[in-house]
Amino acid sequence: MGAAAFSGSAAATFAFGGGKAVARAPVIAQPIANDTKKLVLDLAERPAALPCFDGKTLPLWTFEEGSLYPIVRMKLGERLDTQYANHLPRAGEYVSLHWHGLRIPNDQDGVPFMTQKPVEPGSSGTYSFVPPDTGSFFFHTHCNTDEHFGRGLVGALIVEGDEIEPSDAEYVLMMKDWRLSPEGTFLPFSTDAGAAKAGTSGTVRSVNGEKTAVFKVPSSANVRIRFYNVDPTRISEIGFEDGEAAIIAIDGNGLDPLPLVSWRMGPAMRIDILLRTAPEGGKVRLVDFFAKEPVVLAEFVSEGPAKRSGAFVPTPLKVMPFPNVDVGNAQIIPFIFSATATGEALSEFAKSDVEIGSLCLTKRTFWAINKQAWSSMDHRDLGPPLAVLKSGQSYIFDLQNTTPHSHPIHIHGHTFEVMSSSMRHVQPHRADTILLRPNERVQAGIVGGQPGKWMFHCHIIDHQETGMMGYIEVA
Ligand code: C2O
Ligand code: CU
């Protein structure tokens, strides 16, 4: 893990925004807060015996005492004031918090060296912003992220205020794997063999820290499920074995309810589901159909009197006002996601049974965007931007995956309008992370947002940290 080797003193030489503080009038009016919510986070090692660890205790890294993943709820229109302290137990293990999916000012985006100073162990920092949209978002660090995700350092941020008709109950499901050795220690969070292919996968699956999470739910009710894929690697295909359900939001963005058959989700992707629960005494199962054998991730067991009768008609959520992509005047920008020569060689090599965990690679660069591979996973060396956008102007990103692997492509501070694909019918929708299937090409509209440098990367963290990362500059 490169970050561990980074000495704290290097932070002093850091300069952000290219070293110049340029005053610019914000092009997008910032929302005015009518209330403030305070959030205190304390990043530290907290050993825990999660149910999915089968009696073993592992040194998790978490945001607060007593909860695996904090779930922060706030109302649209509130300001979120966050104070965070870094008490991680390793010298040089600096942090910053990224608010995934939120269209907030660039200086609150939480990318070390690029938008803020990294926060060293023993130090603390703050964020303050007003989320402009409702939805299911999340937060995570943006450095040595394989290990941070691997040890559990993830939290949900829910901005409420999108329901036209209240649901009968609500549940938050965080799906994440763990890399455990038979002895009950963490395996290396990233291997070269994994990083050069589909990512280093976990050995134990979980939802909310349990192998199969069981929820007691009201009978014959319409319940809302916020489902998060917060694994650094896993691609899943989420659906129910029985029961009627609809997708009511993708990455927090409301859409015309889409009957849920199954939905493919890469790392960092979220869906909000409305589920009609079983009659009293029955249950429905949430399943991952992507695995060779379908895996039951959660069970919803009905209890008590029926809440509803009649057909299941999902009520849509309120849709947030967004700048519309002006397709006719949009400039098309191609982005080609590829493997580097090293990455290809390594993935060939990985087909044999040879252990390659210890290959002496001077640089782990296996992936590239438009032939540029981000040269260091710690965000220090800024190359040129992959593209420069004008705030308020429309673009179409022509995303081309030239590899045999899937890549969930994420942009900071913006929301894509997913328009079309070379391989499948897509229901147009908004998303901050787009799963490109092997060799797929997807067209995604985007309107240049707030000025600044915005990370643009694959959210398979292994890929991100071995080159498939860059940034877009909005001027
Ligand atoms: Cu969850 Cu750079 O992103
Ligand atoms: Cu990828």
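This note walks through a predicted model, point by point.

1. **Overall build.** The chain has 475 residues. Its secondary structure comes to four helices and 29 strands. Along the principal axes, the C-alpha trace spans about 65 × 55 × 45 Å.

2. **Is the fold compact or extended?** A compact globule with 475 residues would have a radius of gyration near 23 Å. The chain has 21 Å, which agrees with that expectation.

3. Buried residues make up 58% of the chain. The accessible surface comes to about 18500 Å². Carbon and sulfur atoms hold 53% of that surface.

4. **The copper site.** Which protein atoms are donors to the copper ion (ligand 2)? They are ND1 of H407, SG of C458 and ND1 of H463. These donors lie 2.0 to 2.1 Å from the copper ion. Along the chain they follow the spacing H-x50-C-x4-H. Both C458 and H463 are buried.

5. **One aromatic pair.** The structure holds 19 aromatic pairs. One of them joins F397 and F456: the ring centres are 5.7 Å apart and the planes meet at 70 degrees, so the pair is edge-to-face. The cut-off behind that step is a plane angle over 60 degrees. The pair links distant parts of the chain. F397 is in strand β22 (residues 394-401), F456 is in strand β28 (residues 452-458), and the two are 59 residues apart. Both F397 and F456 are buried.

6. **An aromatic cluster.** Which residues form one aromatic cluster? They are F63, Y84, W99, Y127, F129 and F139. Keep F139 in mind, as it comes back in point 9.

7. **Charges over rings.** The charged end of R103 sits over the ring of F322, 4.0 Å from the ring centre. K176 lies over the face of W178, at 3.7 Å from the ring centre.

8. **A buried alanine.** A156 is in strand β8 (residues 154-160). Is A156 buried or exposed? With a relative accessible area of 0%, A156 is buried. Leave aside its neighbours within four places in sequence. A156 is then in contact with P70, I71, V72, F137, F138, F139, M174 and Y228. V230 is 74 residues away from A156 along the chain, yet their C-alpha atoms are separated by 9.7 Å.

9. **Positive phi at D54.** Most residues other than glycine have a negative phi. D54 has a phi near 50 degrees, a positive value in a residue other than glycine. D54 is found in the loop between β1 (35-48) and β2 (58-62). Its relative accessibility is 56%, so D54 counts as exposed. The cut-off for exposed is over 50%.

10. **Positive phi at F113.** F113 is not a glycine either, but its phi is positive at about 70 degrees. F113 is in the loop between β5 (97-100) and β6 (124-129). Its relative accessibility is 7%, so F113 counts as buried. Here the cut-off is under 20%.

Key: Residues are numbered from 1 along each chain as its sequence is written. Chains are lettered from A and ligands numbered from 1 in the order in which they are written. This is a predicted model: local features need pLDDT of at least 70, side-chain atom pairs count only at pLDDT 80 or more; totals for chains, interfaces and linings use all residues. Side-chain values use heavy atoms; hydrogens and water are left out. Rings of Phe, Tyr and Trp (its six-membered ring) pair if their centres lie within 6.5 Å; planes under 30 degrees apart count as stacked, over 60 as edge-to-face and the rest as tilted. Buried means under 20% relative accessible area, exposed over 50%, partly exposed in between (1.4 Å probe, protein chains only). A charge sits over a ring if NZ of Lys or CZ of Arg is within 6 Å of the ring centre and within 35 degrees of the ring normal. Donors are N, O and S atoms within 2.8 Å of the metal (3.2 Å for Na, K and Ca); water is not among the atoms, so sites may look incomplete. The radius of gyration is taken over C-alpha atoms; the globule rule is 2.2 Å times the number of residues to the power 0.38. Accessible areas come from the Shrake-Rupley method with a 1.4 Å probe; for residues, only the protein chains shown count as cover. Contact means heavy atoms within 4.5 Å.
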